[in-house]
Amino acid sequence: MSNQKKRIFQIEAFKNRVVVDPKYAEKTWKILEHAIHEIYNHNASGLSFEELYRNAYNMVLHKFGEKLYSGLVTTMTAHLKEISKSIEAAQGDLFLEELNRKWNDHNKALQMIRDMLMYMDRTYIPNTHKTPVHELGLTLWRDNIIHSGKIQSRLLSTLLELVHSERTGEVIDRGLMRNIVKMLMDLGSSVYQEDFEKPFLEVSAEFYRRESQKFIECYDCGDYLKKAEIRLNEEIERVTHYLDAKNEGKITHVVEKEMIANHMMRLVHMENSGLVNMLLNDKHGDLGRMYNLFRRVPNGLAMIRDVMTSHLRETGKQLVTDAERLKDPVEYVQRLLDEKEKYDGIISLAFSNDKTFQNALNSSFEYFINLNSRSPEFISLFVDDKLRKGLKGVSEEDVEIILDKVMMIFCYLQEKDVFEKYYKQHLAKRLLSGKTVSDDAERSLIVKLKTACGYQYTSKLEGMFTDMKTSQDTMQGFCSSHPELTDGPTLVVQVLTTGSWPTQPSITCHLPFEMSALCEKFRSYYLGIHTGRRLSWQTNMGTADIKAIFGKGQKHELNVSTYQMCILMLFNNADRLSYKEIEQVTAIPASDLKRCLQSMACVKGKNVLRKEPMSKDIGEDDSFFVNEKFASKFYKVKVGTVVAQKESEPEKQETRQRVEEDRKPQIEAAVVRIMKSRKVLDHNNIIAEVTKQLQSRFLANPTEIKKRIESLIEREFLERDNSDRKMYRYLA
Amino acid sequence: MLLFVSVSSKAKIKGLEKIDRLFNTYANSSFGMIDPEGIEALCSDLGVDYTDVRILMLAWKLKAEKQGYFTQDEWQTGLKALGVDSLSKLKKALSDLEKEVEKPSNYEDFYTYAFRYCLTEEKQKSVDIESICELLNLVLGVQFRPQIDSLIEYLKVQNDYKVINSDQWINFLRFCKEISFPDLENYDAIQAWPLILDNYVEWMREKHS
């Protein structure tokens, strides 16, 4: 190689500026413009997508995006104006159809145009913050069609008319509706709301306002609610078919307000068909409907609940104060049970076991049951009746069911300690007369009471059962150790532990010789086994079976009380006895004596004695004879049993007083217990705590609690705080 | 120095002597203390009625244990605290004593003392209504005339309580001090007032309705 000159390549600037032919832009635009026309004229098939895209692309590339965009706007607007005219021209029903069709066309066209102008959409438009093609198409549609003067109001009124027709029972083209509504939704939520939804809701409100006014005048409550329910369901269905599902709540709210909320009060209180009527007649279907409709409106359920509560309290109050009903305790309680069952049914079947209604039921029952202070006594009498005979032949499961129902009523009692007192008395009588239908049922109830009130409540009751069993064992022992007694009168003794059994002060009467000897033998036997105990014969209780032979040889076995036995045995040694003689020899208390003589001399079929004079009442100067002419169909005759009755006034007072006395130490014990653990506590809190602790037995009276506290202060268990007079302090 | 002490101690002994002498003037020699008769005499010498509240105040100052009796110890301590050793000085001191008792810090103490003073039997815890009424009049009558008159009227007509215990007594004072009268507007029966006052307020309200 020789030295050749190195040639340096020099790159020079392109000297020839490429000038886009100004006419180029115009030409290209014209192509695109034409394409748009063709698209709108349903002639798109002849177009080449690739070519159009390239043209648009080039325009943008060569900085003619502005021209392209504004051209698009102009062209599209022009077409839409045409379309608008054709829609306006449509007559009657065809209006919506035309609108729908043109909308579909527009969307298809828009799709193609956008694809065609995609480059601009992606580059020029974002850079210049202009509206993208698709959105532009919608906006132009909105402005030129929907908001055009001649179309806007016509569209709205057409739609509303259709809805109205449907509401009045005509069939409409739901598909068409759906499309039009969807169109409005696509155009933006403000369009949907302003151009349709708002007026729709207003018109609907007006419609339902008028309709509900009409209905309330002609229909009763049950039928009205049926109608309301139908309308509500219709509207819900309408939404699913052609309205915006998201806003279902808005139209249902309108119906609820106009048809239900505005007429709630009137419906509930409608005479002869309102809530009270439905409750009385157990109209579960109507009640359920009311519940479901009213729960949709504010305070709807509260209104039902309040009316139900006041009605229940009113009926309950009448029930417990009805003088007629008070004569029969068993009937009284049965009515309570029936009422409870009725409302339990209503709440479970119609009010879907709503807890707030259950609570309203409970508080109402608690309210009126305690209005009558004899409720505890009556409930005990009811149980007594059931356990004596009412449950005879009833299956075990059914017994449980009945007892559980009674327990529910029992739990409403505020004075459970009063019930306990009566229950003890009644149980004692049942056990001692052997008159209980089922031992299992008795024990089952004790268990239920224990669960509800704690073991202390039932410990004495259980003691009574134990005594019965122990007595049986004692009798066996007595009989086997005295075999000589098989001849002569038989003695059956029940030994009761004082304290477990209701106390009844009684003077022992004079027993006939045959019996007293026997009783002595038993006493020595018993005390021989149990030294240190004391036995006292309760002659006011107990029964005897006596074999009697009357004047014409009639033989009968008489079942009588102990007192009656003492009286009758006297006639073995005397033909005639005066009242005073009988009283003196037997030492039976006067009131009991009179009752015994009355049941033996004045009661038909049981008159084993004859009285002179033959008056109804027992006088102190009366004389008595054996009724030689006594006759009875039966060999065994029962003369007057001691049955649990309603207490007489003075007895009631006494029981009530004993209950009050028993409560005092319980209150004091509670106060001391609380103060011992808290050491210092203020007045209001003590009252609250004590009331709470004693709740399961009785409702403590704040005044009584205060009295007990003062008594405790006096006895130096507590003192008042020096600086804060409201506080009490425990003194160890 | 020594002289000074001996003079003051002499003075002390002298002072004590005077107090003792005064004591012996009224004391019952067989008991060794001033008995009710002695107190009556003291009162007449002082120129006050023996039911006067100032005697009660004197008893309080003396911290006398038993009503109607002053022991020598009590007499000595009390008169020394009063700073008196003669009858004339004692007379003057009585009016000062009134002011001392009325001081809020002392008043409640005096009031409680007045009740205790009435417990004459051993193990006695309450005072009968009659005496309470008199005591109330004596102790609170001047300061709370309308309340006391009304309360005494009530105590006499009610028959829930035959005696008043110290707890109820102390609350009478609080009642007078705290509750507006006669409207009794700020009385709240739910609060820890003794039941007797609840009943009194109810009685008052019924009377005025």
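Lys416(A) sits over the face of the Phe410(A) ring, 5.8 Å from its centre. This comes from a predicted model, so please read every value below as computed from that prediction.

**Rings and charges**

- Phe357(A) also has a charged neighbour: Arg305(A) lies over its face, at 5.6 Å from the ring centre.
- Searching the whole structure turns up 39 aromatic pairs over all chains. One of them joins Phe351(A) to Phe357(A) in a tilted arrangement, with 4.7 Å from centre to centre and 40° between the planes.
- Phe351(A) and Phe357(A) are both buried.
- In chain B, ring pairs connect six residues into a cluster: Tyr154(B), Phe175(B), Tyr187(B), Trp193(B), Tyr200(B) and Trp203(B).

**Domains of chain A**

**Domains of chain B**

- Chain B is assigned domain 1 (16-102) and domain 2 (107-208), and their centres, again over C-alpha atoms, are separated by 28 Å.
- Where they meet, 16 residues of domain 1 of chain B are in contact with 11 residues of domain 2 of chain B.
- Together these two domains of chain B bury about 1,100 Å², with 69% of that on carbon and sulfur atoms. On the domain 1 side, Leu56(B), Trp60(B) and Gln67(B) lose the most area to domain 2 of chain B, together accounting for 52% of what that side buries.
- Between domain 1 and domain 2 of chain B there are zero salt bridges, while five residue pairs are in polar contact, with both residues at pLDDT 80 or more.

- The size of an interface is often expressed as the accessible area lost when the parts come together.
- For chain A and chain B, the buried area is about 1,400 Å², and carbon and sulfur atoms give 43% of it.
- The contact involves 15 residues of chain A and 17 residues of chain B.
- Two salt bridges cross between chain A and chain B. A salt bridge also joins the side chains of Lys706(A) and Asp198(B), at 2.2 Å from N to O.
- Six residue pairs are in polar contact across the interface of chain A and chain B, counting pairs with both residues at pLDDT 80 or more.

Technical notes: Residues are numbered from 1 along each chain as its sequence is written. Chains are lettered from A and ligands numbered from 1 in the order in which they are written. This is a predicted model: local features need pLDDT of at least 70, side-chain atom pairs count only at pLDDT 80 or more; totals for chains, interfaces and linings use all residues. Side-chain values use heavy atoms; hydrogens and water are left out. Rings of Phe, Tyr and Trp (its six-membered ring) pair if their centres lie within 6.5 Å; planes under 30 degrees apart count as stacked, over 60 as edge-to-face and the rest as tilted. Buried means under 20% relative accessible area, exposed over 50%, partly exposed in between (1.4 Å probe, protein chains only). A charge sits over a ring if NZ of Lys or CZ of Arg is within 6 Å of the ring centre and within 35 degrees of the ring normal. Domain bounds come from an automatic or database domain assignment. Contact means heavy atoms within 4.5 Å. Buried area is the accessible area (1.4 Å probe) that two parts lose on being put together, summed over both. A salt bridge is a side-chain nitrogen of Lys or Arg within 4 Å of a carboxyl oxygen of Asp or Glu. A polar contact is a pair of N or O atoms within 3.5 Å; within protein, one must be able to donate a hydrogen and the other to accept it, and residues adjacent in sequence count only if both atoms are side-chain atoms.
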